[in-house]
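Hi everyone, thanks for coming.

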Amino acid sequence: MTFTFQSFSTCIFTILFFLFASYKTTARNIASAKTESPSISAILIFGDSTADPGNNNYINTPFRSNFSPYGKDFVNQTATGRFSNGRLANDFIAKYVGVKDYVPPYLDPTLSIEELMSGVSFASAGSGFDPLTPTISNVISISEQMEHFKEYQGKLEAAIGKDKTKELINNALFFVSAGTNDFVVNYFTIPIRRKNYTIPGYMNFVLQESRQFFQGLLDQGARRIGVVGLPPMGCLPVVITLYGESPILKRDCINNFSSIARDYNQMLQNELKNMQSKLQASGSRIAYMDVFGPLEDMTLGRKYDFEEVSNGCCGTGLLEASFMCNPKSLVCADATKYVFWDSIHPTEKSYYLVFQALQPAIDALVKN
């Protein structure tokens, strides 16, 4: 049986423009896992919807999530702009390293200097390393995120002075989480890049763009950088729906997409190792953060106890994300049984499990 999208046939291309970006537990559990390292001054985040806590609320883009049922399991059921039912992995990491409970969006005009000093996210849902990617959904590019970071440093210098700002940046923990949109939304949806790049060629192009960004962070004073790899892209519910041979009857991960992510991740790891070897004398660290493994374990049923691994909790779970997952959407009764909240983004529980899997890598990154 071949699935056809009768009602979506005229708009599916537009929907893809806006769909992609790319742990349910207690505070006591997080506190008990807290690292003993006292050296982290702040957490600073860059990337896409996996790392955006609400920056897109403040720009002119339809790719937002500051409405229910997003935030259903967040504090006071608040839809902050996080593309999940609750916290993101970065929130758990911030708590773990002892800087704050939740990472706010940099563009929030109400942030105090104290909030800025302990860390913010510059990430924008829908962004990517390829400069073309953020133009698709009119979001904040990686280069613009870098400019916001420089602006952020200027605000700190005005408040606490240049020397203390430099010290804060040197002792901050940086995370970069992007790349999924470059492949799924950009390369496979829009013909522009496919005309000029093979898959290996595009991987190298994205890697070159990412390398320049990482070097830019180092040049700005970053000394601890965690770089998040691609997830198993073929296991995203929306990818299964759009590219599967029989996406209703047989919702298996699409190996081709996940294989591309796996290959890119290996190239990224090699690049980061090369960069690290050159940084050894300076004491700076840049490290790969594997999300592919834990998410693949969840979706393939190797570990954990999820009941639904290929559909999102919101709506049908096949296509809904952003404006398609809205107050009128039906929502599953218990999101902790689902790997995905919408057709793209993990649930809070999944993000927490990813955070747990990353703890050894985080410890190595922040150790004195």
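Before we start, one definition: a residue counts as buried when its relative accessible area is under 20%. Please also keep in mind that this is a predicted model.

Let's begin with strand β1, residues 43–47. How many of the five residues of β1 are buried? Five of the five, so β1 is largely enclosed by the rest of the structure. In a regular strand, side chains alternate between the two faces of the sheet. Here both faces are covered: Ile43, Ile45 and Gly47 are buried on one side, and Leu44 and Phe46 are buried on the other.

Now for the strands that β1 pairs with. With β2, residues 119–121, β1 pairs in the parallel sense over three bridges. With β3, β1 also pairs in the parallel sense, over five bridges.

Next, helix α7, which runs over residues 162–170. Which residues of α7 are buried? They are Thr165, Leu168 and Ile169. An α-helix has 3.6 residues a turn, so residues three or four places apart point the same way. On the other side of α7 you'll find Asp163, Lys164 and Lys166, which are exposed.

And what do the buried residues of α7 pack against? Our friend β1 is one of the elements, along with α4 (113–118), α6 (142–160) and β3 (173–177).

Technical notes. Residues numbered from 1 in each chain as written. Predicted model: local features only at pLDDT ≥ 70, side-chain atom pairs only at ≥ 80, totals over all residues. Heavy atoms only, no water. Buried < 20%, exposed > 50% of the residue type's maximum accessible area, 1.4 Å probe, protein only. Helix = DSSP H or I, 4+ residues; strand = E, 2+ residues; numbered from the N terminus. Contact = heavy atoms within 4.5 Å. Pairing = 2+ DSSP bridges.
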